[in-house]
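Q: Hi, could you walk me through this one? I'd like to chat about it bit by bit.

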Amino acid sequence: MKRAIRDMTIADRVLLVMLLALSLTGIFIVREAVPLTAEVIVEVDGRAVFTAPLDADKNVLLDSIHGKIGIEIKDRMVRINEAHCPNRLCMKEGWVSQGVIVCLPNKVVVFVGGRGNRLNKELDAVTG
Amino acid sequence: MSRRRRQPALFCFMLCSIFAMLFFLLPACSSNRPQTYQKSRALMDTFITITVAAGSGKEADNALETAFAVIEGFGKRIDFFSGDSELSRINSNAGIAGIRVSADTFDLIEKALYVADRSGGAFDPTIGPVVRLWDFHKKTRPSDTDIKRGLALVGYKQVVLDKQRSTVFLKKKGMLLDLGGIAKGYAADLAAESLKAGGIASGIVAIAGDIRAFGLRPDGTPWNIGIKNPRQERAGDEIIGSIRLSNRAVSTAGDYERYFIEDGRRYHHILDPSTGYPAGQCRSVSIITEKGVFTDGFDNAVFVLGPQKGMQLIREINRDFEMDGIIIDADGSVSETDRIKGTIKNEKSH
């Protein structure tokens, strides 16, 4: 190994360094371009209280303002299956595969696919 | 191939590699290049998302948390349902005494009365006694008698403001101020000012459909805001158009937000203060102007007035300060002010 390095010309050594650097660059580029595994993040009053991969089926009960709130992950979709808020609109949302489920009375926000995962990537916000 | 003959090719390859690295790595390493950061919260009984362009996550996080705190504090002061809010104290002292309120609450009520006056009462912040009769989740439609009784307590001219003492007085006992039709836009304004004070040069505050945008996106273009389709049928037709905004606000009032259908008639939450029933001439109205408080207040007023009178009001206001609007009437026909003509792309789906 030492001999192989010693026999290298300067150009060979620079090339070696360059190739290493290019490999590292590749890692950065891939990390930027390809999203990590989709996640489910549950926030209560702005604090993240639960995070799980979207592709692992799971049922959890979390504490919220109006008692327990149930989150179910199944077949890469998420729903709120238990809530004790007055109108239970969050439960009526049903299964969501991408976007956000909100329970306003409980101040619970469920990000499906990760934070900032919007249905329309070209838009910065939607009015209406 | 000899080593000597191989070297020029190697140097060419190395040179290309250096350029490739500079191209990909330098922009990512530059700490001054702003990126967008986003946070969401459930506050003011709605879903709020703030997006900012900032040089670092820490800078963004500090400004975002401060802005959310501003919204939360303001929301508590004007909470209709909380017994100890400033708004509740005004309402519970109706016909009894004026209540001293904070500068923001006073300013909001003053602006709400301005919108009421300019719209001839099509927007009326004293509609509380009628609003409380309706429950759109439980599909509760009040009786005509109850609506009539409620309407007797509606009248923005019965609100007395004392600027020097910063007090608000409702003349008749039983009157109720309901700022739900204008407060979110005002909160978006407060949050935007807070972000600017925190050193953020550009961002968007989206309080439900009330959006205040300032500055430009990191790529130098205005923020791109979608307009919701009032008659969405499929997952793909949620948006019917988009507008580019910088240093402007936009709000949309729609008959699809809270509603129920009974005997083929749609009963929704935008009530006509003159009848106490949902206004029926529009599906949605989007208003664009500098301040969120006015987009939020005037979208309701224009919705109630209908396409013709509503567009007339926008033009009248536009003489005082720049205002644009998009009105989709009950049949799905679109009218827009000249400056934003062509905003609605797909006219078949709404």
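**Chain A, then chain B**

A: Happy to! Chain A exposes about 7700 Å², and carbon and sulfur atoms supply 57% of it; accessible areas come from the Shrake-Rupley method with a 1.4 Å probe, and for residues only the protein chains shown count as cover. This is a predicted model, where local features need pLDDT of at least 70, side-chain atom pairs count only at pLDDT 80 or more, and totals for chains, interfaces and linings use all residues. Residues are numbered from 1 along each chain as its sequence is written, chains are lettered from A and ligands numbered from 1 in the order in which they are written, and side-chain values use heavy atoms, with hydrogens and water left out.

Q: Thanks! How many helices and strands are in chain A?

A: Chain A has 3 helices and 8 strands, where helices (H or I, at least four residues) and strands (E, at least two) are DSSP runs, numbered from the N terminus. Along the sequence the pattern reads α-α-β-β-β-β-β-α-β-β-β.

Q: And what share of the residues in chain A is buried?

A: Of the 128 residues in chain A, 36% are buried. Buried means under 20% relative accessible area, exposed over 50%, and partly exposed in between (1.4 Å probe, protein chains only).

Q: Which strands form the open sheet in chain A?

A: The order is 3-4-5, with antiparallel pairing; two strands pair if DSSP finds at least two bridges between them. Strand 3 (58-64) and strand 5 (77-82) of chain A are the edges, each pairing on one side only. On average, neighbouring strands of this sheet are turned by 25° against each other, direction ignored. Axes here are lines fitted to C-alpha atoms, for helices over the stretch in contact, and angles run from 0 to 180 degrees between N-to-C directions.

Q: How many bridges join strand 3 to strand 4 there?

A: In chain A, 7 bridges join strand 3 to strand 4 (residues 67-74). Within that pairing, Lys58(A) stands opposite Ile73(A) in strand 4.

Q: Switching to chain B: why is strand 13 largely enclosed by the rest of the structure?

A: Because 8 of the 8 residues of strand 13 (residues 282-289) of chain B are buried.

Q: Nice. Which strands does strand 13 of chain B pair with?

A: Strand 10 (residues 248-254) of chain B is one of them, antiparallel with 6 bridges, and here Ala253(B) has Val285(B) as its bridge partner. Strand 14 (residues 324-329) of chain B also pairs with strand 13 in the antiparallel sense, over 6 bridges, and Ile287(B) stands opposite Gly325(B).

Q: What about Thr289(B), buried or exposed?

A: Thr289(B), which lies in strand 13 of chain B, is buried with a relative accessible area of 1%. The side chain of Thr289(B) reaches the backbone oxygen of Glu322(B) at 2.6 Å. Leaving aside neighbours within four places in sequence, Thr289(B) is in contact (heavy atoms within 4.5 Å) with residues including Arg248(B), Phe294(B) and Met323(B).

Q: Last one: where is the hairpin with Asp263(B) in the turn?

A: Strand 11 and strand 12 of chain B form that hairpin, with 2 residues between them, and Asp263(B) has a positive phi of about 50°. Strand 11 (residues 259-262) and strand 12 (residues 265-268) of chain B pair in the antiparallel sense over 4 bridges, with Tyr259(B) partnered by His268(B).

Conventions. Polar contact = N/O pair within 3.5 Å; in protein donor to acceptor, adjacent residues only side chain to side chain.
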